Amino acid sequence: MAKIQLGIAGASGYGGQELLRLAVRHDDIEIAVAMSSAGNNETQELPALKNLWNGRIEPFSIEKLIAKSEVVFLGLPDGISAELAPKLVKNERKVFDLSGAFRLRDKELRKQWYPKSPSLPAITTYGLPEWNREDLSTANLVACAGCYPTAAILALKPLVKAGLLVDKTDIYIDAKSGVSGAGKKPSERTHFSEVHGSIAAYGIFSHRHAAEIEQELQRPVTFVPHLVPLDRGILETIYTRVKPGTTDDTIREALDVYQKSPFVRLTGNTPPEIKHVVHTNFCDIGWILDDTRLVLVACIDNLVKGAAGQALQSFNIAHDLEESKGLL
Ligand SMILES: NC(=O)c1ccc[n+]([C@@H]2O[C@H](COP(=O)([O-])OP(=O)(O)OC[C@H]3O[C@@H](n4cnc5c(N)ncnc54)[C@H](OP(=O)(O)O)[C@@H]3O)[C@@H](O)[C@H]2O)c1
């Protein structure tokens, strides 16, 4: 089979570099072109990929991206994706977008959180493979699920679908992320001396990932993200109430929906830890039930299952390849 010609825009970013690292090892992919921003006129080598990939990262050009690639991965700021993805789709390129530009289906919510994406190109699909496998092969644009939402939705959706949560009960998601979640450009917030030795909550009632989680669960949530002094990894501790009579076995049966999902691992009553998922595409989920009080803990690597790995997993399914190809 001829290799699929892949273009990566944003290849010099954290998500893009992770995509390159995964894609160079994938038997069915040839990296046709990898690009950084338009402002940078020099080509760049990626020291981390020396002897693995002979290519260089080139300055951005939409014409070249279209000419060289069959499939395009976008690891760009959402406003730039919002502008480029429709052009790529129009030119019949299949697009996997890591940004949030096209994740929200509700127009008003998109206007609030992603104002540069007034409409969704046909056919756009939300890219959380465990729940959207069937839609991936027909989509022209896959809006890969966000990092925080991936862990929260994978943990909660089976319980919501099984009707185990008390109606209208609160769902509290206490989320902690390593600093690479903010991208490679340092800011006062993410500078080493600000982050090291500290933990800070941010975006309380104002983080756009809450809207994405609520869209996929069809339930309101209280989502509080924290920045922690790690380079990568997300851990979410989720507090809610289940209906009386729900047992540990009932919870496990609901989560067994992932039996055939190669990247969801259930840790039972042992809470999972970030160190077991970093540099992998796994989402580990554990839970503890006390009468009707339920605590779920879920963790992922934000750059793999929360970004590049998730995109590659969706790519595999969309191209009828083994879901885990290049990811284990
Ligand atoms: N980081 C995460 O954990 C994570 C997880 C899930 C989703 N995401 C999403 O994935 C996207 C990329 O995130 P990231 O963390 O990889 O960001 P990043 O490290 O800041 O990288 C951004 C990339 O976009 C390129 N770029 C910026 N402006 C551009 C322009 N006008 N034209 C062409 N290229 C441009 C940059 O090139 P230069 O190097 O030349 O500046 C760089 O390659 C974002 O939308 C983010 O929300 C990130």
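Mentor: Let us begin with two terms: domain bounds come from an automatic or database domain assignment. On a 1 Å grid over the protein atoms alone, a cavity is a set of points where a 1.4 Å probe fits but cannot get out, whereas a pocket is an open set with protein on both sides within 12 Å along at least five of seven lines; lining residues have an atom within 4 Å of a point. This is a predicted model, in which local features need pLDDT of at least 70, side-chain atom pairs count only at pLDDT 80 or more, and totals for chains, interfaces and linings use all residues. Residues are numbered from 1 along each chain as its sequence is written, and side-chain values use heavy atoms, with hydrogens and water left out.

Trainee: What is the volume of the largest pocket, and how many residues line it?

Mentor: Rolling a probe the size of a water molecule over the atoms shows where empty space is left. Grid points are joined across faces, edges and corners, and a volume is the space filled by probe spheres set on the points. The largest pocket here has a volume of about 1300 Å³. Its lining has 47 residues, and Leu 76, Pro 77, Gly 181, Ala 182 and Gly 183 lie nearest the centre. Helices H1 (14–23), H3 (78–90), H6 (147–161), H8 (208–217) and H10 (304–318) each give two or more residues to this lining; helices (H or I, at least four residues) and strands (E, at least two) are DSSP runs, numbered from the N terminus.

Trainee: Into which classes do the lining residues of the largest pocket divide?

Mentor: Ala, Val, Leu, Ile, Met, Phe, Trp, Tyr, Cys and Pro count as nonpolar, Asp, Glu, Lys and Arg as charged, and the others, Gly among them, as polar. The lining of the largest pocket has 17 nonpolar, 24 polar and 6 charged residues. At least three of its residues come from each of domain 1 (4–122) and domain 2 (147–301).

Trainee: How much space lies in the second largest pocket, and which element gives the most to its lining?

Mentor: The second largest pocket holds about 360 Å³ of space. It is lined by 22 residues, with Tyr 14, Gln 17, Ser 180, Arg 232 and Leu 303 closest to its centre. H1 gives the most, with 4 residues. This lining, too, draws at least three residues from each of domain 1 (4–122) and domain 2 (147–301).

Trainee: Is Phe 205 buried or exposed?

Mentor: Buried means under 20% relative accessible area, exposed over 50%, and partly exposed in between (1.4 Å probe, protein chains only). Phe 205 is exposed, because its relative accessible area is 72%. Phe 205 is not a glycine, yet it has a positive phi of about 60°. In contrast, Leu 22 is buried, with a relative accessible area of 8%, and H6 has 13 of its 15 residues buried.
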